[in-house]
Amino acid sequence: MAVRELSAMTWEEVGALDVSRIVAILPVGATEAHGPHLPLGTDVVIAEAMALSGGGRLSDRGLDALILPAIAYTPVPFAAAFPGTIGISAATLTTTITDIAASLGACGIRVLVIANAHLDPTHVRALYNA
């Protein structure tokens, strides 16, 4: 089976997929400080790598993995005071994820997995609520 990245596909390619075999994977990270030595996008890089790795494992088991574009903005109360950190409300994240799931469902994709690389409690609660 295959691992595909949604952002690199055309709508016709997506329309031709066998949606009964697809697991959509949504990488979720944060844009926040990670000390003076790491870039602000560290969580997003990790989440994308997790999604690709997990997609490969799903493919090995006969499923098609569809990697969605990453969410890079999330609640970041612990890092909010650091320059470059960009946060959104928990309600916004929850709504964003439920809206993404609804859009996938409208296309016939029934399984959504979140590859999460950000562990702020407010963020985790928002994911749980979604």
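**Helix packing, a buried aspartate and nonpolar cores**

Asp43 is found in helix 2 (residues 42-60). Helices (H or I, at least four residues) and strands (E, at least two) are DSSP runs, numbered from the N terminus. The model is a predicted one: local features need pLDDT of at least 70, side-chain atom pairs count only at pLDDT 80 or more, and totals for chains, interfaces and linings use all residues. Residues are numbered from 1 along each chain as its sequence is written, and side-chain values use heavy atoms, with hydrogens and water left out.

Asp43 is buried but has no salt bridge. Buried denotes under 20% relative accessible area, exposed over 50%, and partly exposed in between (1.4 Å probe, protein chains only). A salt bridge is a side-chain nitrogen of Lys or Arg within 4 Å of a carboxyl oxygen of Asp or Glu. The nearest side chain of opposite charge to Asp43 is Arg125, 16 Å away. For charge, Lys and Arg count as positive and Asp and Glu as negative; His and the chain ends are not counted. Two histidine side chains do meet the side chain of Asp43: His34 makes a polar contact with it at 2.9 Å, and His118 makes one at 3.1 Å. A polar contact is a pair of N or O atoms within 3.5 Å; within protein, one must be able to donate a hydrogen and the other to accept it, and residues adjacent in sequence count only if both atoms are side-chain atoms. Neighbours within four places in sequence aside, Asp43 is in contact (heavy atoms within 4.5 Å) with Gly29, Ala30, Glu32, His34, Ala117 and His118.

The whole structure holds one salt bridge. Asp64 pairs with Arg4, and their closest N and O atoms are 3.9 Å apart. The pair links distant parts of the chain: Asp64 belongs to strand 3 (residues 64-67) and Arg4 to strand 1 (residues 3-5), 60 residues apart. Asp64 is buried, at 12% relative accessible area. Arg4 is partly exposed, at 31%.

Helix 4 (residues 121-129) has the buried residues His123, Ala126 and Leu127. They sit on the same side of helix 4 because they cover an arc of only 100° around the axis. The arc is that of the directions from the helix axis to the C-beta atoms. The face turned away from this buried side carries the exposed residues Tyr128 and Asn129. Cover for the buried residues includes strand 2 (22-28), helix 3 (90-106) and strand 4 (112-116). At the N-terminal end, Asp120 caps helix 4, with a side-chain oxygen 2.8 Å from the backbone nitrogen of Thr122.

Leu127 counts as buried, at 14% relative accessibility. Residues within four places aside, Leu127 contacts Val28, Leu93, Ile97, Ile114 and Asn116. Leu127 and Val28 are 99 residues apart along the chain, yet their C-alpha atoms are separated by 9.5 Å.

A nonpolar core is a set of buried Ala, Val, Leu, Ile, Met, Phe, Trp, Tyr and Cys residues joined through side-chain atoms within 4.5 Å. The largest has 16 residues, of which Leu26, Leu66, Leu68, Ile71, Leu93, Ile97 and Ile109 touch the most other members. Strand 2, helix 3 and helix 4 each give two or more residues to this core. Strand 2 gives the most, with four. Another core, of six residues, lies apart from it and has Ile25, Ala51, Ala65 and Ala115 among its members.
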